[in-house]
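Take a walk through this chain, from its overall fold down to a single residue.

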Amino acid sequence: MKLFLASAFDKTAALFFERSPETAQQGRVLFVANAADTNEDKPWIERDRQAFLKLGFEIVEADLRKLPAQEFARLAEETGLLHVCGGSVLYLNSLLKRTGADAIIKRLI
């Protein structure tokens, strides 16, 4: 698994796949939107979803508040592509540490 940091996937999808064309063949993305849990209005999440759908990806939703660590690890390995939407970095960081997803992501990268 590679790491690609962007502030808006809907605006950078072409660049991502230009730099990592083999990723476009995977067809599935593990989609984590929990960083925006603390926001009422979060239009960027739907824009990112639509960007993946437009590219023909199947979206596998992962709510870290509900998904056991083992299931998150399995899905991350199966999809091969993890997308973490923006929002509160502090909230996301605490959630990643509390669930153990941070260690899983580090191992996969």
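**Fold and setting**

The chain holds five helices and three strands. Read from the N terminus, their order is α-β-α-β-α-β-α-α. Helices (H or I, at least four residues) and strands (E, at least two) are DSSP runs, numbered from the N terminus. The model is predicted: local features need pLDDT of at least 70 and side-chain atom pairs pLDDT 80 or more, while totals for chains, interfaces and linings use all residues. Residues are numbered from 1 along each chain as its sequence is written, and side-chain values use heavy atoms, without hydrogens or water.

Now the overall dimensions. The C-alpha trace spans about 35 × 30 × 20 Å along its principal axes. The radius of gyration is 13 Å, which agrees with the value near 13 Å for a compact globule of 109 residues. That radius is taken over C-alpha atoms, and the globule rule is 2.2 Å times the number of residues to the power 0.38.

Next, the packing. Of the 109 residues, 39% are buried, meaning under 20% relative accessible area with a 1.4 Å probe, protein chains only. Contact means heavy atoms within 4.5 Å. Among contacts with a separation of 6 or more, 77% join residues 24 or more positions apart.

Which residues does Thr79 contact, leaving aside its neighbours within four places in sequence? Thr79 lies in helix 3 (residues 69–79). Thr79 counts as buried because its relative accessibility is 2%. Beyond those sequence neighbours, Thr79 is in contact with Gln26, Arg28, Val29, Leu30 and Val60.

Methods:
Buried < 20%, exposed > 50% of the residue type's maximum accessible area, 1.4 Å probe, protein only.
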